[in-house]
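Student: I am new to this structure and would like to learn how to read it. Could you take me through it step by step?

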Amino acid sequence: MKIIVGVKRVLDYNVKARVKSDKSGIELANVKMSMNPFDEIAVEEALRIKEAGNADEVIAVSIGASQSQETIRTALAMGADRGILIETDELLQPLAIAKLFKHLIDKESPGLVILGKQAIDDDSNQIGQMLSVLTGMSQATFASKVEFDGDHLKVTREVDAGLESIKVSLPAIVTTDLRLNEPRYAKLPNIMKAKKKQLDIIPVADTGVDVSTGLKVIEVNEPPKREAGVIVKSVAELVDKLRNEAKVI
Amino acid sequence: MSTLILAEHEGGELRPATLSVVAAAQAISGDVHLLVAGKDAKGVADKAAKIAGVDKVLLADSADYEHEIAENLAAMIVSVADGYSHIFFAATAAGKNVMPRIAAMLDVSGISDITEVRSDDTFVRPIYAGNAMATVQSSDAVKVVGVRTTSFEAVAAEGGSAAVETVEAAAISDQVSFVGQELSTSDRPELTSADVVISGGRGMQNGENFAMLDDIASKLNAAVGASRAAVDAGFVPNEYQVGQTGKVVAPNLYIAVGISGAIQHLAGMKDSKVIVAINKDEEAPIFQVADYGLVADLFDALPELSAELDK
Ligand SMILES: Cc1cc2nc3c(=O)[nH]c(=O)nc-3n(C[C@H](O)[C@H](O)[C@H](O)COP(=O)(O)OP(=O)(O)OC[C@H]3O[C@@H](n4cnc5c(N)ncnc54)[C@H](O)[C@@H]3O)c2cc1C
Ligand SMILES: Nc1ncnc2c1ncn2[C@@H]1O[C@H](COP(=O)(O)O)[C@@H](O)[C@H]1O
């Protein structure tokens with residue numbers, strides 16, 4: 001069985017996003033970019049499934065600019081077998097990304113696709129669910145545990161009131177939540193080896209997929225700023241302020 | 001134009017989130033309809049019909065909807081979706097699980113987590129953990145939207161008198177089945193709709209120490225939340241997590257205890273009306289968003305706070 005994992009190149013989670021002065025988006029020149037943290041968890045899970053003997057190949061897929069090759073190389077250094085970049089300089093909407101994933105899935109026929117629950121740049125939380133519809137593969141989102149059970153998966157999911165478990169038939173699409181695993185670091189020799197692994201680059205135009213969508217970003221603004229508050233000297237002063245100044249208790 | 005909303009409910013009661021989604025839908029032209037899908041859900045549908053501003057309730061009463069299985073709910077929604085210009089969901093775990101499916105089934109974009117309705121086709125949504133607000137416009141025939149419930153003031157649960165119309169249940173998926181759940185039981189207010197929230201972070205050191213937060217929560221009728229670090233360390237379960245990738249809260253009062261104030265945590269609480277931070281490190285970034293900061297050891301401050309609240 002093949003596993004496809006999605007690896008998106010995003011602004012590093014430690015870097016605070018800055019809005020461009022022309023309001024067209026976020027400043028991404030000369031800032032640290034990394035693999036979306038949920039996708040590191042996806043890669044790790046795929047590798048563990050392969051190591052447990054339930055899969056034979058892990059393919060890391062990224063859709064984006066040429067620099068996304070670095071993100072794929074990171075996945076390869078962690079242990080993925082090969083990579084595919086669908087190259088585009090456009091910022092695509094989730095529906096278009098999902099259609100491009102479907103295009104690859106039709107070609108590769110994976111038994112399992114593992115994506116993050118959310119990309120920490122657009123915060124959409126959409127692609128896994130959309131891809132399940134487009135491919136007819138089962139859906140198991142926000143996974144905190146994935147167990148194999150013959151031709152089914154038992155997936156424990158993080159929901160608002162706690163945990164839920166469902167059983168889905170394979171092929172399936174799983175999206176990762178934070179508690180699924182702790183991703184490994186790539187070791188230096190593996191980083192060297194990863195440079196030799198196969199990485200195919202497909203220009204988006206060659207896929208024949210219509211990536212136009214009905215959603216456009218008109219402008220991007222800074223959020224309203226909070227005024228800095230005061231430092232109180234004691235708990236008594238705090239409670240007094242909450243009661244008599246803010247009147248919230 | 002009209003808007004269809006997937007009502008969320010459990011234990012025979014509507015979730016508060018639905019009242020906020022109705023508020024968001026009222027900013028759109030036309031009628032507001034609610035779909036109540038559930039097992040023995042007539043009672044919930046009757047309650048939904050009383051919500052102020054709801055024009056019609058569709059009831060799909062079937063054991064197939066006992067659990068919120070995305071495939072089944074999505075098929076149900078699409079079976080009644082004809083004619084609606086907008087389909088709205090709460091941006092809850094359940095809503096996020098279904099919303100993008102509807103978008104894909106209708107071949108339109110999904111619009112996640114809106115915080116503002118500018119017009120029938122234009123919405124504002126946070127991106128990059130709320131460090132930027134994107135104004136987006138949709139030319140799709142149907143706008144499929146997730147609503148950040150803390151950004152819309154809930155409408156009144158009473159005052160309406162909509163008709164309840166029964167609809168056929170849709171076909172269910174044989175690819176997925178419900179196995180079980182481990183849900184938290186608490187008498188406290190629900191985290192995302194509580195007036196007061198007190199959250200603990202890594203500084204709490206262990207799960208037992210959260211009893212100190214529970215004690216204060218009882219006195220303030222507050223919900224208890226946590227940072228990711230506290231959840232990852234196993235102090236409290238996942239449903240406590242506040243932040244970019246957990247729950248978004250916006251209470252009247254948010255008290256952060258032993259939380260440093262990482263971008264990802266701030267994303268989930270910075271729209272609270274009043275923020276209090278208790279942290280022993282005066283440099284902690286949480287103080288930059290706090291209205292009242294107390295630089296103190298939480299193991300001294302919490303017992304004092306508990307005593308002070310009794311006065
Ligand atoms: C993909 C991704 C998603 C994330 N999503 C979230 C999210 O949704 N929510 C979230 O919260 N985080 C999230 N994080 C994690 C986030 O980056 C931080 O690591 C986390 O918020 C830190 O939690 P903390 O403040 O409890 O711990 P720390 O940063 O370790 O801070 C502990 C604080 O406690 C204080 N302290 C210690 N002892 C005491 C004492 N005795 N008295 C008083 N103060 C004390 C310290 O001074 C320190 O400021 C995410 C990270 C990633 C990569
Ligand atoms: N451009 C991309 N390239 C590769 N994977 C992606 C891309 N965009 C999204 N994904 C995958 O889809 C997940 C969810 O993203 P989103 O729905 O945009 O929040 C991510 O965690 C990735 O696994």
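Tutor: Let us begin with one pair: N221(A) stands opposite M133(B) in strand 10 of chain B. Please keep in mind that this is a predicted model, where local features need pLDDT of at least 70, side-chain atom pairs count only at pLDDT 80 or more, and totals for chains, interfaces and linings use all residues. Residues are numbered from 1 along each chain as its sequence is written, chains are lettered from A and ligands numbered from 1 in the order in which they are written, and side-chain values use heavy atoms, with hydrogens and water left out.

Student: How many bridges join strand 12 of chain A to strand 10 of chain B, and how do the two run?

Tutor: Strands of a sheet pair through backbone hydrogen bonds, either parallel or antiparallel. Strands here are DSSP runs of E with at least two residues, helices are runs of H or I with at least four, and both are numbered from the N terminus; two strands pair if DSSP finds at least two bridges between them. In this case six bridges join strand 12 (residues 215–221) of chain A to strand 10 (residues 132–138) of chain B, and the two run antiparallel. Within this pairing, V220(A) has A134(B) as its bridge partner.

Student: What is the order of the strands in the open sheet?

Tutor: The order of its four strands is 12(A)-10(B)-9(B)-8(B), with antiparallel pairing. Strand 12 of chain A and strand 8 (116–119) of chain B stand at the edges with a single partner strand each, so one side of each has no neighbour in the sheet.

Student: Which residues bridge the two chains by a salt bridge?

Tutor: A salt bridge is a side-chain nitrogen of Lys or Arg within 4 Å of a carboxyl oxygen of Asp or Glu. The rule finds three across the interface of chain B and chain A. One of them links R179(A) with D232(B), whose closest N and O atoms are 2.9 Å apart.

Student: How many residues does each chain bring to the contact?

Tutor: Contact means heavy atoms within 4.5 Å. Chain B gives 82 residues and chain A gives 79 residues.

Student: Where is there a hairpin in chain A?

Tutor: Strand 7 and strand 8 of chain A form one, with two residues between them. In its turn, G150(A) has a positive phi of about 60°. Six bridges join strand 7 of chain A to strand 8 (residues 152–159) of chain A, running antiparallel, and F148(A) stands opposite L153(A).
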